[in-house]
Amino acid sequence: MNNDLIDLLWEGLLETLYMVFWSSLFALAMGVVLGVTLVVTDKGGILEAPKLNKVISTVINGVRSLPLIILIVLLLPLSRLIVGTTLGPTAAIVSLSIGAAPFLGRIIESALKEVSAGKIEAAKAVGATPFTIIFRVLIPEAMPALVRGITIGIIGITEFTAVAGAIGAGGLGSLAIRFGYQRFREDVLIATVLLIILLVQIIQWSGDLLVKSINKKRYKFE
Amino acid sequence: MIHISNLSKSYKTAKGVIPVLQNIDLFIPKGDIFGIIGFSGAGKSTLIRCLNRLEEPDSGTIEIGGKVITDLPEKELRQARQKIGMIFQQFNLLDARTVFQNVAFPLEVAGHPKPFIRARVREILDLVQLGDKENVYPFQLSGGQKQRVGIARALVNQPDLLLSDEATSALDPQTTYSILELLREINRQLKLTIVLITHELDVLQHVCNNMAVIENGRIVETGTVEKFFLNPESDTAKRFVHIIDHYREKRSVMEGVGAGI
Ligand SMILES: Nc1ncnc2c1ncn2[C@@H]1O[C@H](COP(=O)(O)OP(=O)(O)OP(=O)(O)O)[C@@H](O)[C@H]1O
Ligand SMILES: [Mg+2]
């Protein structure tokens with residue numbers, strides 16, 4: 001491999017990391033809001049509101065049923081509005097965040113639902129407010145499941161960035177398309193694929209490690 | 001202490017509206033250990049959960065220590081709940097928190113300062129004999145120890161009333177006995193009113209003074225525990241006491257046979 005190629009890959013990797021990091025952060029923030037809202041407004045939840053629940057759920061299903069590439073195209077005007085352009089990694093972050101938020105919302109919802117009703121009830125019985133129950137009971141109790149789910153979510157976002165690369169987002173996905181597909185440079189293609197696999201592995205390992213350390217504290221003898 | 005009048009509650013299900021509590025009238029004196037017994041599905045849990053409004057009754061009133069619980073708006077209800085402890089069959093401890101942090105939870109909710117919480121939690125953990133377990137997670141505790149944490153959590157904010165829904169049903173007889181002893185001790189020391197739900201006669205006999213029998217959502221008998229055993233009136237009471245009598249007879253027959261050999 002020549003130096004040009006290494007530079008190219010390095011730049012692609014940095015762009016991908018940049019997109020994954022910010023998209024994950026924004027998608028996570030929106031996902032937490034969505035997931036928590038879905039759980040607390042559900043039937044029997046601490047802030048029961050069936051209508052709101054239904055609306056959010058329907059919107060999430062709607063967004064999730066769109067193929068990502070279509071969603072990105074639909075969100076291009078929003079990217080232009082927020083970051084002033086529809087090209088490059090920063091513009092992609094807008095679409096990726098919004099595209100991944102419903103996905104993370106569902107993941108977070110299902111993790112929070114694992115917390116037993118009894119624990120919530122015990123908190124209610126001592127006079128805890130819904131706010132306290134959400135932040136001191138629901139989220140901490142669900143933490144291992146949350147981390148496991150969020151790991152899956154971030155890996156999903158990593159894959160999304162590769163797709164976004166196909167339509168001008170930059171990053172490793174874009175390299176793979178531009179060089180590997182359009183110019184038949186197999187070495188670039190293989191190198192980008194390896195980098196993406198490595199990236200996904202590192203994310204998975206980190207998530208596993210985190211879950212393990214939480215569980216070790218809670219469920220293992222000293 | 002507790003006045004329940006004309007309390008009714010029903011659940012709406014696919015099969016229609018099922019009445020679970022029907023026109024309950026009940027008085028529970030201050031400082032009593034009051035037992036409520038009934039067969040499975042009679043409505044015991046629903047009744048006790050109405051007392052702190054984990055379940056909303058359809059109609060009727062509940063007055064606890066002069067406060068009409070059934071009329072309280074959300075915020076005042078939460079304040080009232082801070083003075084009503086509750087223990088559960090499944091303990092319902094928080095896995096993410098140590099024993100100390102579990103017991104501290106009601107005090108955090110009540111907004112007490114840290115030094116106060118520390119002192120108070122230690123005090124109550126000593127009372128339930130778990131002083132040496134404060135940094136342990138619930139996972140590492142036995143059932144009996146978990147229930148002691150549950151009791152400590154229920155008592156830490158000095159409630160006037162303790163509700164117990166089958167708190168010993170998941171425990172072996174030996175552990176049940178030690179938990180009941182603890183409840184009796186607490187009742188004596190802290191002059192705390194305890195409402196205790198059970199389907200075990202042993203529990204009634206061991207700790208309760210007065211009691212009520214619930215059958216199909218209605219209170220069919222109230223009085224002292226002694227009267228219940230000596231002179232059961234309702235069908236449910238007779239069935240419960242009959243079971244004991246049956247075994248008592250069997251035992252005396254067996255003992256008689258043994259003596260004959
Ligand atoms: N959420 C609910 N929806 C519908 N029906 C319910 C609900 N909760 C309880 N019930 C019904 O109400 C009745 C009384 O239930 P409850 O839990 O109060 O009985 P219990 O006396 O505590 O029984 P057990 O000894 O088995 O705990 C039962 O017939 C039960 O099926
Ligand atoms: Mg019950």
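**Exercises on chain B**

K191(B) is in the loop of chain B that runs between α6 (173–190) and β8 (193–198); helices here are DSSP runs of H or I with at least four residues, strands are E runs of at least two, and both are numbered from the N terminus. We're working with a predicted model, where local features need pLDDT of at least 70, side-chain atom pairs count only at pLDDT 80 or more, and totals for chains, interfaces and linings use all residues. Residues are numbered from 1 along each chain as its sequence is written, chains are lettered from A and ligands numbered from 1 in the order in which they are written, and side-chain values use heavy atoms, leaving out hydrogens and water.

**Exercise 1.** Work out whether K191(B) counts as buried or exposed, and look up its phi.

*Solution.* Start with the cut-offs: buried is under 20% relative accessible area, exposed is over 50%, and partly exposed is in between (1.4 Å probe, protein chains only). K191(B) has 61% relative accessibility, so it counts as exposed. Next, its phi is near 50°, a positive value in a residue that isn't glycine.

**Exercise 2.** Do likewise for N216(B): where does it lie, and is it buried or exposed?

*Solution.* First, find the loop between β9 (210–215) and β10 (218–224) of chain B; N216(B) lies there. Its relative accessibility is 60%, so N216(B) counts as exposed. N216(B) isn't a glycine, yet its phi is positive, about 45°.
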